[in-house]
Amino acid sequence: MIPNSKNKIVLTKRSKVVSNKTMTWIERLYLPAIFQGMAITLSHFFKKEVTIQYPEVQRPVSDIYRGLHVLKRDDLGRERCTACGLCALSCPAEAITMIAAERKEDEMHLYREEKYASLYEINMLRCIFCGNCETACPKEAIFLTERFVPSQTKRDKFIYGKDVLVEPKDAPIDISKRQTPEVLAFKKDKTQSHNK
Ligand code: SF4
Ligand code: SF4
């Protein structure tokens, strides 16, 4: 706020004092004002466009853009999430809900750990894409990706379950660009139990 000459507080330097002076006959024609307006409109035709034809055209985003989450599988196609709950605990928006279940003998090929998430949901209306869940996860099971969350007309469509979040077996989501060279080098070491 800027104090003006009369010690009044004004909110901007661009404020104008409105005058009630009588208009001249040219001003009363409104034509100069119309041409002035048209000139401003025309000048925008020659400026660089700031808009794009989304969703047909999408802006390139950073490799570490924080968009739609993915629940990763391991090299054998098993779900990495062990339903430890750390992501939900670290989520400031309380957007994550899960139910843990115990892996059965015949489910070894489905889940990496003996505990897994039978239900895992993220409420995308609550999510602020802070990335805390990704940072908190000890199993490298959840990552944010450069994919966008599409708009919807129904609120319940924003509750994303495992059917959307878990990566398809035949189309894995590459998250290697999000990881530092040190992490990638560590992951190559198969003697570490974390990488088996
Ligand atoms: S990105 Fe942040 S707000 Fe969204 S689910 Fe993860 S922790 Fe919660
Ligand atoms: S995504 Fe990671 S932090 Fe969240 S429950 Fe699964 S293993 Fe735990």
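Start by selecting Thr97: its bridge partner in β5 is Glu121. Strands like this one are DSSP runs of E with at least two residues, while helices are runs of H or I with at least four, and both are numbered from the N terminus. Before moving on, note that this is a predicted model, in which local features need pLDDT of at least 70, side-chain atom pairs count only at pLDDT 80 or more, and totals for chains, interfaces and linings use all residues. Residues are numbered from 1 along each chain as its sequence is written, and chains are lettered from A and ligands numbered from 1 in the order in which they are written.

**The sheet**

Now show the whole sheet. It is open, has 3 strands in the order β4-β5-β7, and its pairing is antiparallel. At the edges you will find β4 (96–102) and β7 (159–160), each pairing on one side only. Two strands count as paired if DSSP finds at least two bridges between them. Between β4 and β5 (residues 115–123) there are 7 bridges; another pair to click is Glu102 with its partner in β5, Lys115.

**The nonpolar core**

Next, select Leu71, Cys81, Cys87, Ile96, Cys133 and Ile142. Of the 20 residues in the largest nonpolar core, these touch the most other members. Such a core is a set of buried Ala, Val, Leu, Ile, Met, Phe, Trp, Tyr and Cys residues joined through C-beta atoms within 7 Å. Here, buried requires 20 or more other C-beta atoms within 10 Å of a residue's own, exposed means 12 or fewer, and partly exposed lies in between, with C-beta atoms placed from the backbone. β3 (69–71), β5 and β6 (142–144) each supply at least two core residues, and the largest share, 4 residues, comes from β5.

**The two ligands**

Which residues are closest to ligand 1? Among the 14 surrounding it, they are Cys91, Cys127, Cys130, Asn132 and Cys133. A residue is near a molecule if its C-beta atom, placed from the backbone, lies within 6 Å of it. This shell has 11 nonpolar, 3 polar and no charged residues. In this scheme Ala, Val, Leu, Ile, Met, Phe, Trp, Tyr, Cys and Pro count as nonpolar, Asp, Glu, Lys and Arg as charged, and the others, Gly among them, as polar.

Move to ligand 2, which 13 residues surround; Cys81, Cys84, Cys87, Cys137 and Ile142 are the closest. Its shell holds 10 nonpolar, 2 polar and 1 charged.

**A helix and some backbone details**

Select residues 31–45, helix α2. Helix α2 is hardly covered, with 0 buried residues.

In the loop between α2 and β3 sits Pro55. A cis peptide bond joins Tyr54 to Pro55, with omega about 10 degrees.

Then click Glu94, in the loop between α3 (86–90) and β4. Glu94 is not a glycine, yet its phi is positive, about 50 degrees. Is Glu94 buried or exposed? Glu94 is exposed, because 11 other C-beta atoms lie within 10 Å.

Finish at Phe129, in the loop between β5 and α4 (132–136). Phe129 also has a positive phi, about 55 degrees, and with 16 other C-beta atoms within 10 Å, Phe129 is partly exposed.
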